[in-house]
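Open the model in your viewer and keep the selection panel at hand.

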Amino acid sequence: MDALLLECVGMKDGGRIPAVHTGRGQDRSPEFLIRDLSPAAKTLAITLEDVSHPLFPDFTHWLIWNLPAASKIPGGLPRGGKVPGLENARQGIGYGLYRYAGPKPPKGRRHFYRFTVYALDCVLTLPFPATKGRFLRRAEGHILQQGSLTGYFE
């Protein structure tokens, strides 16, 4: 599988997640820039996971799939099972129910988070409610590329 180069506007890989993208700020999904996207990619998907959650490893905060394959994913995506204006991309469930739910660890505790972007060769049909596990099982064999970046918040 080829690597996908991923940038998050306003955040460096391994750096602090800006408050605007957290549950203590505006809970606004970040803007992503994609580099080296395969011309065979038809759609993109994103997951946000808390990789340091003490009880639930890789706890899912956000899942969105069927985004149009493009070099930019806009920030501030609206809530809802379908995302109008983005060819009806779909959002699943996690900490965020059909929406982006940014980091919000207990006060005084630093948690680490991972954004992963997947480039797929198809449009996926998933039954609702869709979870990260269901997405990954359905996407198996269709993921052309993936890239991730990490950040922390406390």
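**Stop 1: the cores**

Select F32, I46, W62, I64, L67, I73 and F115. Of the 26 residues in the largest nonpolar core, these touch the most other members. A nonpolar core here is a set of buried Ala, Val, Leu, Ile, Met, Phe, Trp, Tyr and Cys residues joined through side-chain atoms within 4.5 Å. Buried means under 20% relative accessible area, exposed means over 50%, and partly exposed lies in between, with a 1.4 Å probe and protein chains only. In soluble globular proteins, nonpolar side chains tend to be buried together.

Now colour by strand. Strand 2, strand 4, strand 5, strand 6, strand 10 and strand 11 each supply at least two residues of this core. Strand 10 gives the most, with four residues. Strands (E, at least two residues) and helices (H or I, at least four) are DSSP runs, numbered from the N terminus.

A word on the model before moving on. It is predicted, so local features need pLDDT of at least 70 and side-chain atom pairs count only at pLDDT 80 or more, while totals for chains, interfaces and linings use all residues. Residues are numbered from 1 along each chain as its sequence is written, and side-chain values use heavy atoms, with hydrogens and water left out.

Centre on F115. Which residues is F115 in contact with, leaving aside its neighbours within four places in sequence? They are L6, M11, I17, P30, F32, T47, L48, Y100, G147, S148 and L149. Contact means heavy atoms within 4.5 Å.

Next, select L63, W65, Y118 and C122. They are among the 11 residues of another core, which lies apart from the largest one.

**Stop 2: strand 5**

Select residues 43-50. This is strand 5, and eight of its eight residues are buried, so the strand is largely enclosed by the rest of the structure.

Seven bridges join strand 5 to strand 6, and the two run antiparallel. I46 has I64 in strand 6 as its bridge partner. Eight bridges join strand 5 to strand 10 (residues 111-120), again antiparallel. Here A45 is partnered by Y118. Two strands pair if DSSP finds at least two bridges between them.

**Stop 3**

Zoom in on L5: it stands opposite R35 in strand 4.

**Stop 3: helix 1**

Select residues 132-139. In helix 1, K132, F135 and A139 are buried. They cover an arc of only 60° around the axis, which puts them on the same side of helix 1; the arc is that of the directions from the helix axis to the C-beta atoms. The buried residues of the helix pack against strand 5, strand 6, strand 10 and strand 11 (143-153). Step past the end to G141, which follows helix 1 and has a positive phi, near 85°.

**Stop 4: Q145**

Go to Q145 in strand 11. Is Q145 buried or exposed? At 3% relative accessibility, Q145 counts as buried.

**Stop 5: two positive phi angles**

Select D27 in the loop between strand 3 (15-16) and strand 4. D27 is not a glycine, yet its phi is positive, about 55°. At 23% relative accessibility, D27 is partly exposed.

Then select N66, in strand 6 (residues 59-68). N66 is not a glycine either, and its phi is positive at about 65°. N66 is buried, with a relative accessible area of 10%.

**Last stop: the cysteines**

Select C8 and C122. C8 is buried at 5% relative accessibility, and C122 is buried with a relative accessible area of 15%. How many disulfides are there? Taking a disulfide as a pair of cysteine sulfur atoms within 2.5 Å, the count comes to zero.
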